[in-house]
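Me: I would like to learn how to read a model of this kind, feature by feature. Could you take me through one?

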Amino acid sequence: MNTPDSSLSPSFKSGFVAVIGRPNVGKSTLMNAFLQQKVAAVSPRPQTTRRRQLGILTLPEAQVIFVDTPGIHKPVHKLGEVMNQIALDALKDADVVLWLVDASARPNPEDELAAARLAEAGADGALKVVLALNKIDLVSDEQRPVRLEEYRSLYPQAFVVMVSASSGYQIDSLLQAILDRLPPGPPYYDEDQVTDLYERDIAADLVREAVLRHLKDEVPHSTAVRIEEYKERSEDTAYIAATLLVERESQKPIVIGKGGEMLKRIGTTARQEIEKMSGRTVFLDLHVKVLENWRDNPALLKRLGYTPSAKPEPPEWWGHRIDRTLRESGGMVGCRRFGLHLLTDERGCGLRESGIW
Ligand SMILES: Nc1nc2c(ncn2[C@@H]2O[C@H](COP(=O)(O)OP(=O)(O)OP(=O)(O)O)[C@@H](O)[C@H]2O)c(=O)[nH]1
Ligand SMILES: [Mg+2]
């Protein structure tokens, strides 16, 4: 494993930072901001993140492993229950909790729910909580102290920082507050690794992000994305086939649009984002299928990878982490041009998921 030169020093720090809070407060935006690259999907609609995703930041003096989680909310489907459980599991395993709130609005019942979960997890007094008042760019100077007190009163033990994840305002102070609370320890991951997801998993989320951007109301929340094929055609190009799974027959024409216009729009947005993430020119082939009521079907949720436990290890033949040895020996290179080292398929992202479905 490649570790920072200083990682053997007793002062090196490392640990897991659970990024939690209600939906849409900017958790994924903040994680991307810390990493200075986009590994997590972001959208103006709640419940964009549906699973746990790591964002690994390796500094000369520490390795900070951010755990982006789904927003804590009142669930109406089994999917929502699973999402909440993922967030709570991350909370339990955290060295530091980064509780994010939207300072542009008053606390709502979902913030109170998140605070209640924090109180349960921190009942023994050992939980280190940093409260970040995000979207502070939208709050006037007069309103800031009011919001500060409103949110602080929900969990008075927390250390508070006001930030803007989208502009980067006070991100450094927030990182310092986290570093101050991390325990000493060696790095858990290779210094080049930025996330635990495979490139194809991130691509699936970016397709869903495009669906959230272009469609309204219930349809984007009823959509799951399954990557059927992720084939690297050369070092610089990839072919991706994906299926948008909706819950009802009536949702299909909405996703496809008049003369296929909506699906085309979704495809263009998703392709551009995947190209930025992977550093390749991408040909994206999208299809739409009905998977009846998948959000309330535990077996289908499992097949789609929405499980409360940590992300299951993929089958052995399916892929592996890129490490420097492999890269130096001329093996698979994820996104070297951008300094992005993601997870890709051993044989070039080109394997079908036959046998899984
Ligand atoms: N004005 C402003 N908008 C922000 C800021 N941070 C995030 N946003 C916006 O807030 C929206 C939600 O951001 P996400 O990062 O998807 O929020 P999230 O907490 O991960 O949401 P879920 O995954 O649904 O739980 C997006 O439209 C972001 O662009 C900020 O500091 N200021
Ligand atoms: Mg998110």
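Predicted model: local features only at pLDDT ≥ 70, side-chain atom pairs only at ≥ 80, totals over all residues.

Me: What percentage of the residues of the protein chain count as buried?

Reply: A residue is buried if 20 or more other C-beta atoms, placed from the backbone, lie within 10 Å of its own, exposed if 12 or fewer, and partly exposed in between. Of the 357 residues of the protein chain, 44% count as buried.

Me: Which residues have the most contacts inside the largest nonpolar core?

Reply: In soluble globular proteins, nonpolar side chains tend to be buried together. A nonpolar core is a set of buried Ala, Val, Leu, Ile, Met, Phe, Trp, Tyr and Cys residues joined through C-beta atoms within 7 Å. The largest one here has 91 residues, and those with the most contacts inside it are V17, A18, V19, I20, V97, L98 and W99. Helix α6 (residues 199-214) gives the largest share of this core, eight residues. Because domain 1 (5-181) and domain 2 (199-322 + 334-338) both give residues to this core, it lies between them; the domain bounds come from an automatic or database domain assignment.

Me: Which buried residues does α2 have, and what do they pack against?

Reply: In α2, L79, G80, V82, M83, N84, I86, A87, A90 and L91 are buried. They pack against β1 (13-20), β3, β4 (96-102), α3 (109-121) and α10 (298-303), where two residues are in contact if their C-beta atoms, placed from the backbone, lie within 7 Å.

Me: Where do Q47 and K135 lie, and what is the phi of each?

Reply: Most residues other than glycine have a negative phi. Q47, in the loop between α1 and β2 (53-58), has a positive phi near 65 degrees, and with 18 other C-beta atoms within 10 Å Q47 is partly exposed. K135, in the loop between β5 (129-134) and α4 (144-152), likewise has a positive phi, of about 60 degrees, but K135 is buried, with 22 other C-beta atoms within 10 Å.

Me: Which residues come nearest to ligand 1?

Reply: A residue is near a molecule if its C-beta atom, placed from the backbone, lies within 6 Å of it. Of the 23 residues around ligand 1, G26, S28, T29, T49 and G71 come nearest, and helix α1 (residues 27-35) gives the largest share of the shell, three residues. G71 lies in the loop between β3 and α2 and is buried, with 24 other C-beta atoms within 10 Å. Leaving out residues up to four places away in sequence, G71 touches G21, R22, P23, N24, P46, Q47 and T49.

Key. Residues numbered from 1 in each chain as written. Chains lettered and ligands numbered in written order. Helix = DSSP H or I, 4+ residues; strand = E, 2+ residues; numbered from the N terminus.
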